[in-house]
Amino acid sequence: GVRLQTADAFILGTHPLKERDRIVSLLTRDSGRRRGVARRARGARSAFLGTLEPMTEARVMFFEREGRELVSIDSIDPIRPSFPLSKDLERALLLSAFAESLETFVSDSDPAEPFYRLARHAMDSLFAGAPPPAVAAYFDVWILKLSGLFPSPAECAGCGRLLEPKTTLYFDENRPHGEAIRLTDEGAATLRTFLSSPLDPQARPGGVAELASVARRARRNFLGHELKSHRVLAEVLGA
Ligand SMILES: [Zn+2]
């Protein structure tokens, strides 16, 4: 049968389907990543206009047919549109990076409550004016952590070699996985705070930068490549 459902969701991205429709990728709270068809979503008079920007949070009504992955989207009512943030280039690129990371690391149809909470917290922080590099590093550390991919200090995240206990070395000096990465005391303290608390907008930039580099390496190491949005972000910001 066909069921009408309502779900809160973050818009992760869209791509064109046929002449007038779009496929919309969503992060829902209860059923992970979903894909739906938004009919007549292309063109200047579409009812979906202004609702499909990455990381817009919305209430989505859709029809779900048993046994079908793709749902049919009836309406999207923004709870919090992301466009006020995208007036700033760095924040705009960050929205794409969040969306691409969620698209990559959240699996289809599994409950995604922790990922949803992370997305909400990152967006709350950006809207509250937290520095984008801190929000980005916090998000990157946590999405890897929730995926079971954040390195443990007990072994090299590149080659798996066991490291001395209590070390702050995340990648050893073995090639070919690149240079060693060792957290300074500031980096280690920032990591402890990240993992135990909501984002502190005053997080020290040095510690933030170290964690960003561990997360970047761990992500690249797992995927075998860097995410497209992160490459653009790095090029534009010279990070
Ligand atoms: Zn190694």
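Residues are numbered from 1 along each chain as its sequence is written. In this predicted model, local features need pLDDT of at least 70, side-chain atom pairs count only at pLDDT 80 or more, and totals for chains, interfaces and linings use all residues, while side-chain values use heavy atoms, with hydrogens and water left out.

**Exercise 1.** State how many salt bridges the structure holds, and find which parts E57 and R120 tie together.

Solution. 
- Apply the criterion: a side-chain nitrogen of Lys or Arg within 4 Å of a carboxyl oxygen of Asp or Glu. The structure holds 14 salt bridges.
- Take the pair E57 and R120: their closest N and O atoms are 2.6 Å apart.
- E57 lies in strand β4 and R120 in helix α2 (residues 113-127), so the bridge joins parts 63 residues apart in sequence. Helices (H or I, at least four residues) and strands (E, at least two) are DSSP runs, numbered from the N terminus.

**Exercise 2.** Decide whether E57 is buried or exposed, and classify R120.

Solution. 
- Set the limits: buried is under 20% relative accessible area, exposed over 50%, partly exposed in between (1.4 Å probe, protein chains only).
- E57, at 2%, counts as buried.
- R120, at 28%, counts as partly exposed.

**Exercise 3.** Describe the salt bridge between E103 and R35.

Solution. 
- The N to O distance is 3.1 Å.
- E103 belongs to helix α1 (residues 89-105) and R35 to strand β3 (residues 32-38), so parts 68 residues apart in sequence are tied together.
- E103 is partly exposed at 22%, and R35 is partly exposed at 30%.
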